[in-house]
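Hi everyone, thanks for coming. Please take a look at the structure on the screen, and then I'll walk you through it.

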Amino acid sequence: MTRRPAATSIRKRVAVATAVAVVAAGTFAAGAGVAGADSGGKGRQHAKPVTKAQVLGLFDNWNRALRTGDPKKVADLYAKDAVLLPTVSDNVRTDRAEIVDYFEHFLKNKPHGKKIESVVNVLDRNSVIDTGVYEFALTDPESGEKSDVKARYTYAYEKQPDGTWLIVNHHSSKMPEG
């Protein structure tokens, strides 16, 4: 009879150990699921979603940077690995130096943009696309002649770990003659 209580005691310990292992595994799995629930990562999972008004304000910041006449201030609004497909250049710009070079030339025309139509797509808490039509008032630096250029645009923005939004892709193309 002394063997039976020992066997029962061992079975109880095994049952308790198994139950603890199952609970621990379930707790770990649930914790991992909650931790990965927001794909933002890097401590940004508690960030509030961006609003359409905030996204539209990013263009206003860019337009104000144009008005400074400083190509570096404009380039500061682009991510390090941004791509710029500009309106009045045949060259794809893929680094800061190329983006600054483009704006050194473009800013001589004293551009001032205004949006005519805008569609904002919030992809997630850290990625948005603003696409539509804008128009630029330009002044020829030699003649002083003013002109307007209507173009289609796409800005793709990413929120950086410090909370700032930077342009990661900017495409602008002159509207076809109609």
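**Around the cavity**

Let's start inside: the lining of the largest cavity has 12 nonpolar, three polar and no charged residues. In those classes, Ala, Val, Leu, Ile, Met, Phe, Trp, Tyr, Cys and Pro are nonpolar, Asp, Glu, Lys and Arg are charged, and the others, Gly among them, are polar.

Before going on, a word on what you are looking at. This is a predicted model, where local features need pLDDT of at least 70 and side-chain atom pairs count only at pLDDT 80 or more, while totals for chains, interfaces and linings use all residues. Residues are numbered from 1 along each chain as its sequence is written, and side-chain values use heavy atoms, with hydrogens and water left out.

Back to the cavity. The structure holds one cavity of 30 Å³ or more, and about 110 Å³ of space lies in the largest. A cavity here is a set of points, on a 1 Å grid over the protein atoms alone, where a 1.4 Å probe fits but cannot get out, and lining residues have an atom within 4 Å of a point. The volume is the space filled by probe spheres set on the points, which are joined across faces, edges and corners.

Which residues lie nearest the centre of the largest cavity? They are Thr 87, Tyr 102, Phe 106, Phe 136 and Ser 172, out of 15 lining residues. Helix H4 (96-106), strand E3 (127-139), E4 and E5 each supply at least two residues of the lining.

**The overall plan**

The chain has four helices and five strands, in the order α-α-α-β-α-β-β-β-β from the N terminus. Helices (H or I, at least four residues) and strands (E, at least two) are DSSP runs, numbered from the N terminus. Of the 178 residues, 31% count as buried; buried means under 20% relative accessible area, exposed over 50%, and partly exposed in between, with a 1.4 Å probe and protein chains only.

**Strand E5 and its partners**

Strand E5 (residues 165-174) runs parallel to strand E1 (residues 78-85), with four bridges joining them. Here Leu 84 stands opposite His 170. E5 also runs antiparallel to strand E4 (residues 146-159), joined by nine bridges, and Ala 156 has Asn 169 in E5 as its bridge partner. Strands pair if DSSP finds at least two bridges between them. The hairpin of E4 and E5 has five residues between the strands, and there Gly 163 takes a positive phi near 95°.

First, find Leu 77, in the loop between helix H3 (71-75) and E1. Leu 77 is partly exposed, because its relative accessible area is 23%. Not counting residues up to four places away in sequence, Leu 77 touches Asn 61, Trp 62, Ala 65, Leu 166 and Ile 167, where contact means heavy atoms within 4.5 Å. The C-alpha atoms of Leu 77 and Val 168 are separated by 9.2 Å, although these residues are 91 apart along the chain.

Next comes Lys 72, in helix H3. Leaving aside neighbours within four places in sequence, Lys 72 is in contact with Arg 96 and Val 100.

Finally, where is Lys 110? Lys 110 sits in the loop between H4 and strand E2 (112-124). Its phi is near 45°, a positive value in a residue other than glycine. Most residues other than glycine have a negative phi. Lys 110 is exposed, because its relative accessible area is 63%.

Methods:
1 Å grid on protein atoms, 1.4 Å probe; cavity = no way out; pocket = protein on both sides within 12 Å on 5 of 7 lines; lining within 4 Å.
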